[in-house]
Amino acid sequence: MKLSIERSDLLKAVAQAQSVVERRNTIPILANVLIEADGSDVTFRATDLDIEVVDKAPAMVERAGATTVSAITLHEIVRKLPDGAQVTLTADSAAGRLTVEAGRSNFSLATLPKEDFPVMASSEYTSNFSAPAPVLRRLFDKSKFAISNEETRYYLNGVYMHVSDADGGKVLRCVATDGHRLARIDADLPDGAETMPGVIVPRKTVGELRKLLDDDDTEIAVSVSETKVRFATPVLTLTSKVIDGTFPDYTRVIPAGNTRKMEVDAADFAKAVDRVATVSSERSRAVKLALDEDRLVLSVNAPDSGAAEEELAVAYGDERLEIGFNAKYLLEIASQVDRENAVFLFNSSGDPTLMREGNDQSAVYVVMPMRV
Amino acid sequence: MDCDAFYASVEKRDNPELEDKPVIIGGGRRGVVSTACYIARIRGVRSAMPTYQALKLCPDAVFVKPRMEAYAKASRQIRAMMEDLTPAIQPLSLDEAFLDLSGTERLHGAPPAVMLGRLVRRMKTELGLTGSIGLSHNKFLAKVASDLEKPRGFSVIGKAETADFLRDKPVRLIWGVGHAGQEALEKAGIRTFSDLLRWDQADLTARFGSMGTRLWHLARGEDRRPVSAHEPIKSISNETTFNEDTANPDVLDGHLWRMAEKVADRAKAKDLAGRVVTLKLKRANHSQLSRQTGLREPTQTADTVYRTARALFDQVSGEGPFRLLGCGLSHLVPAHQAGSAGDLLDPGAEQRERAERATDKIRERFGADAILKGRALR
């Protein structure tokens, strides 16, 4: 194999590959990226056996072929090469080496045979549809903060992407929860997605997927089966196993009867929460919200380190209410609001609280209170 | 001060018939030796040895079930005697403690060696129990000294003779250098303290991490750890060896619940909550298996410990039959930091916690058996 490729094209492809590769690997071949050159394209393939990413880049292929080389080392080299450089990759399969040349730099890297590289078995996808990058970006960006780390409830370690009924008809919905907070984000159902099985997209996949979604004009081809999900742009394909488990029935968790409504400027609210929480060093810092006629008093009382209080003007017309929350959860939820005021709907101090942006029902958050 | 065969000595004191018999304290047919008296030790019986092995070595041994209350009482009495000497006492267990006697000579009108001699004499005359004393200028050497002439030992390692004393001693003398540690040291050519002395501090640290730094100091007889009365508790755990190996999930579930309850009881008593739950199992062939998982918020309830350990158990339940099951709680924090946020997906959790608190109150008033979960009877 011999090919020549623009440094920036190579960097983009290899960056995606090395981020999928696990840093601590017991199987050597999994640390490598499979480079395949054919025609006028070169593909870079990396996997951790759960996720596979395939990146295609334009190149001048002098001699077709394939080899595998450490993804991290190759990435480090390409990253350090000067911008605009032309890079030549030459594989010498007899010597088991890949030569990387750019300008006067010359590297020789150990390779492993391409036959050893595990290629993810292709899958029959039951549903194929296409969605604009900004739509998927919103679905996952607004829900991923609520993904759980708990190993025992592994089925919460991802975003549950599925088709659901909403007021205006069927929607494409992403839900994540760790039992303390929950995010439910809806988008218009793309054509062809109606029959999609619900899948739990693992945390790492959500992180990798995010890199495909930066460009507003990209259409993402989504394919879903019971066991796998695939997101593809013309140059990049991300295939992932989904979490084998049943996502809990979240609908009964979302309170429908919360009537005590508070409206507040989300940015002001977040800043105030952040300020008062400063006095406590505990990991789960509790912020107390005391609500009265159009007035919110936020307070933190940490017996060991100090106390803080701050008053905020809000729209609230119900009876007095005192309720406590984990400061971090409040901050995360408030930071999801980007256009309008944050609307909180409370019931009692022991019941889950609902938050949404203005009257927008397409992004709903639930947070569990703390005893304070 | 380290008591001699403490549990066994208490038993012999309380039951003179045992005086000249080999006595082994241990739990049941399947358990391990907790303490063996010196007669049994002559036959090769050691602590932590499986009971069947001890029986083979010493068929005429008298097995006694541990009476923890009696030992705890004797321990408190010894503690009171030690407190007459110094307030700086760091107990390591019921029968072993560090005492810092620095600067007490003027107060007592006698040097530490004399005061310690009086302590063991008092223990013998008033309590009928013996102990061994190791006197030195730091904790590491005092501990080493206390083991030198057991039982009824009295050893002193002075500053001037420290280097001579350590020179040819093996490094396994160091508390914390176990089997694996010895092997790692041996690979580096370190068997004795004089081997250690040949190493630079930087090299030892590079090779063995913080343990390396410690070894460098210990090789020179240096140990600056203070005798601290309040060593923080790092973990709480409990385990049980079954009378018969079992793979029966119901039986194991009952054990798991009882262990979780014991762990939670101790956490509550110490006002602590833990963030990591550990499950420990021993298979029939004695191989060990352990799993642990972190909680989002620290807990001290038996319910959470049990449910978390149960989820871990479900991952490995197929690997039975098992002979031992244990469960533990670590990464401890003060109880007021325990989880107080409810679980959206488990609305019953709060109710179960309230029930557990109520159960605790009932037990406090009417005894431990006043109210039980059905699961506890499995």
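How many salt bridges are counted between chain B and chain A? In this predicted model, the count between the two chains is 1 salt bridge. The residues that form this salt bridge are B:Asp343 and A:Arg153, with 2.7 Å separating the closest N and O atoms.

Strand E11 of chain B provides the largest share, with 4 residues. Classified by residue type, the side of chain B that touches chain A comprises 6 nonpolar, 8 polar and 6 charged residues.

The extent of the interface can be described both by residues and by area. Contact involves 20 residues of chain B and 25 residues of chain A. The size of an interface is often expressed as the accessible area that is lost when the parts come together. For chain B and chain A, about 2,100 Å² is buried between them, and 51% of this area lies on carbon and sulfur atoms.

Within chain A, helix H4 (residues 203-210) was also examined for burial. The buried residues of this helix are A:Thr205, A:Val206, A:Glu208 and A:Leu209. These residues lie on the same side of H4(A), because they cover an arc of only 165° around the axis. In an α-helix there are 3.6 residues a turn, so residues three or four places apart point the same way.

Conventions:
Residues numbered from 1 in each chain as written. Chains lettered and ligands numbered in written order. Predicted model: local features only at pLDDT ≥ 70, side-chain atom pairs only at ≥ 80, totals over all residues. Heavy atoms only, no water. Contact = heavy atoms within 4.5 Å. Buried area = accessible area lost by both parts, 1.4 Å probe. Salt bridge = Lys/Arg side-chain N within 4 Å of Asp/Glu carboxyl O. Helix = DSSP H or I, 4+ residues; strand = E, 2+ residues; numbered from the N terminus. Nonpolar A, V, L, I, M, F, W, Y, C, P; charged D, E, K, R; others polar. Buried < 20%, exposed > 50% of the residue type's maximum accessible area, 1.4 Å probe, protein only. Arc of directions from axis to C-beta.
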